[in-house]
Amino acid sequence: MGRNLTAMYSLAFLMATLGGLIYSIFLWRREHSKYIVLGWLLMVFLTAMLVPMGSAYRFIAMYAPIAVFFVIVAMLLFY
């Protein structure tokens, strides 16, 4: 899954997504937002779905909306 993921998305996009995911933990501890928990659940259930199916490009494309959510959360850190 790692090679397909880095072939589909740029390294900067993946780093921003990971940063947003980490920052969302700190943000949730401060505000207890339901939307952040929704993003986590979407990421967990999509990953759980991809484990038995495989990581073809058409399935990895389903990470895009969730990843954009976490990139926006990462951008909140700078504003």
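The structure is a predicted model, in which local features need pLDDT of at least 70, side-chain atom pairs count only at pLDDT 80 or more, and totals for chains, interfaces and linings use all residues. Residues are numbered from 1 along each chain as its sequence is written, and side-chain values use heavy atoms, leaving out hydrogens and water.

The buried residues of α3 are Ile-36, Gly-39, Met-43, Leu-46 and Leu-50 (buried means under 20% relative accessible area, exposed over 50%, partly exposed in between, with a 1.4 Å probe and protein chains only). These residues lie on the same side of α3 because they cover an arc of only 95 degrees around the axis, taken from the directions from the helix axis to the C-beta atoms. The face turned away from this buried side carries the exposed residues Lys-34, Val-44, Phe-45, Val-51 and Pro-52.

Thr-17 belongs to helix α2 (residues 11-31) and counts as buried because its relative accessibility is 10%. Leaving aside residues up to four places away in sequence, Thr-17 touches Ala-67, Phe-70 and Val-71 (heavy atoms within 4.5 Å).

Met-75, by contrast, is found in helix α5 (residues 63-76) and is partly exposed, because its relative accessibility is 40%.

Note on methods:
Helices (H or I, at least four residues) and strands (E, at least two) are DSSP runs, numbered from the N terminus.
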